[in-house]
Amino acid sequence: MQHTLSGQKYLFPAVVLLRCVPSVLLSGEGALTLLPRRECMSTEALATNLLSETSPAAAIPTPFDDLAAVIDTHRPRIFRFLLASLRDADLAETLTQETFLRAWNSRAAFRGDCSVVTWLTRIALNLVRDHTRTQRFRFWRRVSSQAVDPAEIAAFLPHPDSLAESRFIATEQVAILWQTISTLSPRQRTIFLLRFVEEMDLSEISSVTGIPLSTVKSHLYRALANVRARYAESTRKAL
Amino acid sequence: MSLKPHRHLTHRQLCDVLLADSQETSPRREQMREHLRDCPLCAAELASLRQPLSLFRSATTAWASHTSASCSRTLPALPDSLQSPLRDGISGRRLSRPVVWASAAALLFAAAIPLTLHEHRTSYAPTQETVVPGGHPCSRQIDRVGDEALLEEIDQTLSSPVPTPMQPLADPTAGRSNQIDSTPRKN
């Protein structure tokens, strides 16, 4: 999938090039190759790459000292959140790696005030915000043209052996929800996904987003009102 | 806020039920739960909201897992040399450092060679006029010694009372009285 997003189009190759320099110096079996942007990295590869990053903060022990374990545990969740937020697997993968890179580089700042997953989600959310802020127009044009087909998501619905009619209804429901979420404001969408995909508590969402609890609730009320309105509309059309 | 039997749950109340922790207990929450048990309309409304959300979460989770797994399948296996540093955590950085430094030193050395050659050329530049162009410094020194020997020989020849070619005539039998020179003479 092509990333035609301006601005970071030039930034990413530069960042990748800079990171590749120490890797290029290595040769033979010990060579660390930073994979190009669109390729995914295994947990080991990602952890190894991050460990090779130079950072002054290594004296104070943090949960990130066992980086491979942290990535193993939290990577699926971070990737899922980014994938649901951005709807672009390549970009989600890139930002997932960037999330762990930032977490590693600023691990000294982790004081244990919140859980590791909350901290990582906060970093991931900041990356999404940065990305959508700088690439807002192209991003939304791409999203509105449905870069990911809802049917593709619905194909992953559970109970594949259920009745065809039930599956059809379930597919319709997921498609409506998928489209409705794309019409929400970025803040509402983030809160919605954190609550109903990541199943975070409201207080946890408040901590991740930095939004007061009452505002989080208000956003969820509005998002759910949108969802109900869309379902009511589709039901009317069906009748 | 008390709930009357004939009044349905508002949007906010439905959302509160949806967002609430299932183990949360409060009088207000209990009233709403009681109402949902008694009111099929509100229960249906809540179910119509809860079901797609649950489906959406399942589908998104499965989709993300599938996408992530398909990405990982395309990766080449890591070399064994990288596995142990990874298991050792931070020590992986230490292992890779000497290689980096060695590579950097090799690069610096490679970059310094042209500079050194340039320096050599400039230091020999003043003597280039007296030396054959492109000649090696050692060969130049040998040539100088040869020249001096030749000049010495010429000096000796010139300073001798009888020139060397005329010496056989000056004393034809000197030291060779019993020998007959049979070699042909050349002019």
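Reply: In this predicted model, a nonpolar patch on the surface is formed by B:Leu150, B:Leu151, B:Ile154 and B:Leu158. Together these residues have about 420 Å² of accessible area (Shrake-Rupley method, 1.4 Å probe, with only the protein chains shown counting as cover for residues). A patch takes residues with over 30% relative accessible area and no salt bridge, joining like charges within 9 Å and nonpolar side chains (Val, Leu, Ile, Met, Phe, Trp, Tyr) within 5 Å; a salt bridge is a side-chain nitrogen of Lys or Arg within 4 Å of a carboxyl oxygen of Asp or Glu.

Residues are numbered from 1 along each chain as its sequence is written, and chains are lettered from A and ligands numbered from 1 in the order in which they are written. Local features need pLDDT of at least 70 and side-chain atom pairs pLDDT 80 or more, while totals for chains, interfaces and linings use all residues; side-chain values use heavy atoms, without hydrogens and water.

B:Leu150 counts as partly exposed because its relative accessibility is 49% (buried is under 20%, exposed over 50%, partly exposed in between, with a 1.4 Å probe and protein chains only).

Elsewhere in chain B, helix H3 (residues 40-73) holds B:Glu45, which is partly exposed at 31% relative accessible area. Leaving aside residues up to four places away in sequence, B:Glu45 touches A:Arg228 and B:Leu14 (contact means heavy atoms within 4.5 Å). With A:Arg228, the side chain of B:Glu45 makes a side-chain polar contact at 2.9 Å (N or O atoms within 3.5 Å, one able to donate a hydrogen and the other to accept it within protein; residues adjacent in sequence count only if both atoms are side-chain atoms). B:His11 stands 34 residues from B:Glu45 along the chain, and their C-alpha atoms are 10.0 Å apart.

Chain A has 11 helices and zero strands. Of its 239 residues, 49% count as buried, and chain A exposes about 11400 Å², 57% of it supplied by carbon and sulfur atoms. Among chain A contacts between residues at least 6 apart in sequence, 69% join residues at least 24 apart. One residue of this chain, A:Ser182, sits in helix H8 (residues 164-183) and counts as buried because its relative accessible area is 16%. The A:Ser182 side chain reaches the backbone oxygen of A:Gln179 at 2.6 Å.

Terms used:
Helices (H or I, at least four residues) and strands (E, at least two) are DSSP runs, numbered from the N terminus.
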